[in-house]
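Hi,

Here is the model we talked about. Have a look at it first, and then read my notes below.

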Amino acid sequence: MAGRDERPGNTGSRGSRLLGCVALASLVVLGVLAFFLTGPDVRLHPTTGEEFGQFDAVRMLYLHVPMAVLMYASFMLCAAASVGVLVKRTPWWDVMAHSTAEVGTVLCGLVLVTGSIWGRPVWNTWWEWGDVRLMTTLVLFLLFAGYLALRRTTTDPRRQERKAAVVALVAVLDIPLVNRSVAWWENRTLHQRSTLEELKIQDLTLFTLMFGFLTFGLVVWWLTLQRFRVGWLERAAIDHAVGSAIAERRSETSADELDAAIGVTDEQAGEASP
Amino acid sequence: MSEVRRFLADARMVAARDLRIEFRSRVVVGQVVPFALLVLVLFGFALDADHRTLRTFASGLFWVAVLLSALLAVHRSAALEQSEGTMDALRMSGLPPAALFIGKATAVFVQLVLLEVVLLGGLLVLYGVQVVDPALLVVAGLLAGVAVAAAGTLYGALASGLGVRETLLPILLLPVLAPVLIGATRAFDDALGAVAVDGWAWTGLLAVAALIATVVGALAHGVLIED
């Protein structure tokens with residue numbers, strides 16, 4: 001890869017370092033926009049004139065919503081790569097499926113945590129058992145935690161790549177439920193419908209949310225890239241270890257012993273040699 | 001038509017083999033069913049043996065006991081293929097993987113139905129529940145049994161051959177069965193008259209779960225036993 005650092009085991013390249021720096025800077029800018037420059041969500045009741053809204057808790061949504069969307073994207077990429085594993089059976093697809101699943105699971109955990117922190121002041125509870133979206137998201141997290149547990153069962157990923165692909169494809173069946181739960185079970189969720197689809201937000205609020213999507217897009221890109229390279233190096237290390245072991249074993253054995261082991265007689269060996 | 005008949009004959013043969021092994025070894029009857037009853041009794045101890053509380057939560061406790069016991073039954077079903085190169089022999093036999101899956105899932109299903117019947121007896125005697133809608137109870141019990149057996153057989157095949165099957169199987173299987181647990185509990189709530197919910201609507205969800213688990217299992221089984 002052009003610009004790749006030649007030190008052994010290094011996953012950085014000029015491009016990925018630049019990407020990492022831009023992602024980090026974007027995170028800082030997003031933090032400033034979300035926590036300092038945008039205003040709190042305060043509305044006045046039309047008849048009583050009382051203040052209501054999400055107040056400062058709304059700031060958490062600038063992180064929560066983009067992370068949720070990028071979580072979907074990561075898991076869908078994992079599903080696509082898993083199909084690639086089953087159809088093509090090449091390591092590239094498997095390493096991609098593993099990388100995107102790991103990044104998606106981290107995002108899913110963060111979505112649950114940020115959602116819980118947001119829910120405490122707004123819903124007055126850390127956790128709502130009756131909420132369908134919360135439940136389906138938790139199940140999604142557990143499904144992919146199982147996927148990652150399966151991947152850790154052996155140091156050689158080639159042994160369970162097709163099994164892992166099946167687990168991932170079953171797990172992503174939960175994504176439509178998570179995504180559509182707010183519309184399908186309207187009376188079984190505290191989650192609001194998308195304010196973005198109904199264009200209820202504008203100006204700096206809209207810009208910050210869009211900037212959040214861009215920022216987390218870059219972060220996920222960078223994380224997936226790094227995780228992919230680590231996965232690729234792990235594969236290379238295993239192949240190298242197997243190759244070295246075979247070479248070492250061969251060097252311990254003379255040519256005659258090898259011929260005897262595979263049943264070639266001295267005459268046959270003589271005929272074969274020029 | 002003859003292909004369908006041959007497929008069903010293959011599946012029946014596998015199911016009969018698994019059930020014959022179970023009939024002779026009596027692992028499910030001798031170990032899994034007593035374990036399930038033990039779980040019911042432990043719930044009773046944990047909830048201070050209060051009849052009203054037990055009746056209120058009977059459906060949930062019943063299905064948690066079924067799922068925990070199903071793990072043992074599935075584990076046993078998958079272990080049958082691991083001994084003495086059975087799986088290699090099955091691979092060589094030319095048996096369609098889908099027929100093998102349907103046969104194994106059917107055997108697990110029969111064992112689960114037996115388990116459910118015994119546990120229901122436990123609910124009636126130990127928890128003092130009353131059955132308000134027997135038809136709903138039977139249909140929901142059977143559909144949930146199909147879903148658990150199909151998903152269990154799929155994940156049993158998936159975890160088999162790995163050194164950590166015992167610990168990996170629950171982590172993989174239980175989240176997949178979460179919708180079945182929710183649907184079956186709600187349907188039983190209605191059938192036992194514990195909570196006023198539309199149990200038949202939840203039974204519809206169980207039917208969808210059973211269908212998806214069976215179709216995905218039949219399609220994916222070939223991939224899993226190849227490795």
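A word on terms before anything else: helices (H or I, at least four residues) and strands (E, at least two) are DSSP runs, numbered from the N terminus. This is a predicted model, where local features need pLDDT of at least 70, side-chain atom pairs count only at pLDDT 80 or more, and totals for chains, interfaces and linings use all residues. Residues are numbered from 1 along each chain as its sequence is written, while chains are lettered from A and ligands numbered from 1 in the order in which they are written.

Chain B first. By that count, chain B has 9 helices and 0 strands. Its C-alpha trace spans about 55 × 35 × 30 Å along the principal axes.

Two residues are in contact if their C-beta atoms, placed from the backbone, lie within 7 Å. Among the contacts in chain B with a separation of 6 or more, 83% are between residues 24 or more positions apart.

Now chain A. It has 9 helices and 2 strands, and from the N terminus on the order is α-β-β-α-α-α-α-α-α-α-α. Buried residues make up 31% of its 274 residues. Strands β1 (residues 41–44) and β2 (residues 51–55) of chain A run antiparallel and are joined by 3 bridges; two strands pair if DSSP finds at least two bridges between them. One of the bridge partners to look for is E51(A) in β2(A), which goes with L44(A). The two strands form a hairpin with 6 residues between them, and G49(A) in the turn has a positive phi of about 75 degrees.

How far apart are the end C-alpha atoms of helix α7 of chain A? They are 73 Å apart, and this agrees with the 74 Å that its 50 residues (203–252) should span, the expected span being 1.5 Å times one less than the number of residues. Its buried residues include F216(A), W222(A) and R227(A), and the cover over the buried residues of α7(A) includes α1 (14–37), α2 (61–88) and α3 (91–123) of chain A.

R133(A), in helix α4 (residues 132–151) of chain A, counts as buried because it has 21 C-beta neighbours inside 10 Å. R133(A) and S181(A) are 48 residues apart in sequence, with their C-alpha atoms 5.7 Å apart.

Finally, where the chains meet: 14 residues of chain B are in contact with 14 residues of chain A. On the chain B side, α7(B) gives the most, with 5 residues.

The largest nonpolar core has 128 residues, and among those with the most contacts inside it are A97(A), V167(A), A147(B) and L206(B). Helix α6 (residues 134–159) of chain B gives the most to this core, with 15 residues. A nonpolar core is a set of buried Ala, Val, Leu, Ile, Met, Phe, Trp, Tyr and Cys residues joined through C-beta atoms within 7 Å.

Cheers

Technical notes. A residue is buried if 20 or more other C-beta atoms lie within 10 Å of its own, exposed if 12 or fewer, and partly exposed in between; C-beta atoms are placed from the backbone.
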